Amino acid sequence: MASVEAYLDRVCGRLRVNPAEAEDIREELRSHLEAAIEESRTRGVGQKAAADMALASFGSPHKLHECLDRVHHGDAWWLLRLKGLALGMVVGGLLSLAISASGGSGLFTRLIPFAAAMDSARLMVLFNGLAAGWLRAG
Amino acid sequence: MAAIGGDILKGNTLTLILSLLEEQPMYGFQISREIERRSQGALRFREGLLYPALHQLEREGLVEAEWRASNQGPRRKYYQLTRHGMREAEKLRRRWLAFAGAVNQVLGGHTSG
């Protein structure tokens, strides 16, 4: 079954999902491939030929990897970063405005004392990081 | 029967999957063999690509998945329609039958020449 495991490595190896989800996907694909191999074996096909046939019917590991990654992760990494950047700028900008409007002594800065000490650029960087992390986790 | 693949099959994969799951919960290998058997081998696709389709359906809330133990080997991941999936299956089937009926009407009388 070395060829099956090598195939699964190529499909699941760098999927951008959490480890439990990656293992779940791998187990499901392995279960299908093993069933297909067993089906051929009952028709008298040798183990290696049966594995080759099952993998050929499954299709390109590269294409399957791409499709699974798209379904489970959604956007490409650069689009995700762009979304994170946009959201971070909006949130950071609104915070900066709120701090300016309160003159550094309003309710807002009492709730988040450290905010008054930070300039708007740092706030944007902070919230960009938070937003990017949140989007990536989603 | 000659194999049918490409865009026609790709565009109707979800209809096929949802229609089969309307009958009973199934696992991926079972779905692929059932499509092949009922179409007498005419509908064949890269079996691996069934899984992104199933996972997409799961993410959209049309199916839900559950691992079940098997007497004949490793456990299997079964998919079954949600209520939303049942409505979608019915909608897709009606759409396909309307399309197929319209195409047949256009082709009528010219298929045996």
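What pLDDT does chain B average?

1. Chain B averages a pLDDT of 89, and 86% of its residues score at least 70; pLDDT is the predictor's confidence in each residue, from 0 to 100. Helices (H or I, at least four residues) and strands (E, at least two) are DSSP runs, numbered from the N terminus.

2. This is a predicted model, in which local features need pLDDT of at least 70 and side-chain atom pairs count only at pLDDT 80 or more, while totals for chains, interfaces and linings use all residues. Residues are numbered from 1 along each chain as its sequence is written, and chains are lettered from A and ligands numbered from 1 in the order in which they are written.

3. For the complex, the predictor gives an ipTM of 0.85 and a pTM of 0.71. In the interface, 15 residues of chain B are in contact with 15 residues of chain A (C-beta atoms, placed from the backbone, within 7 Å). On the chain B side, helix H2 (28–38), helix H3 (50–59) and strand S3 (73–81) each supply at least two residues. H3(B) gives the largest share, five residues. That side of chain B divides into five nonpolar, five polar and five charged residues (nonpolar: Ala, Val, Leu, Ile, Met, Phe, Trp, Tyr, Cys and Pro; charged: Asp, Glu, Lys and Arg; polar: the others, Gly among them).

4. In chain A, residues of H2(A) that meet H3(A) include A:Leu33, A:Ala36 and A:Ile37; among their partners in H3(A) are A:Ala50, A:Met53 and A:Phe58. The residues of this contact divide into eight nonpolar, three polar and one charged.

Notes:
Two residues are in contact if their C-beta atoms, placed from the backbone, lie within 7 Å.
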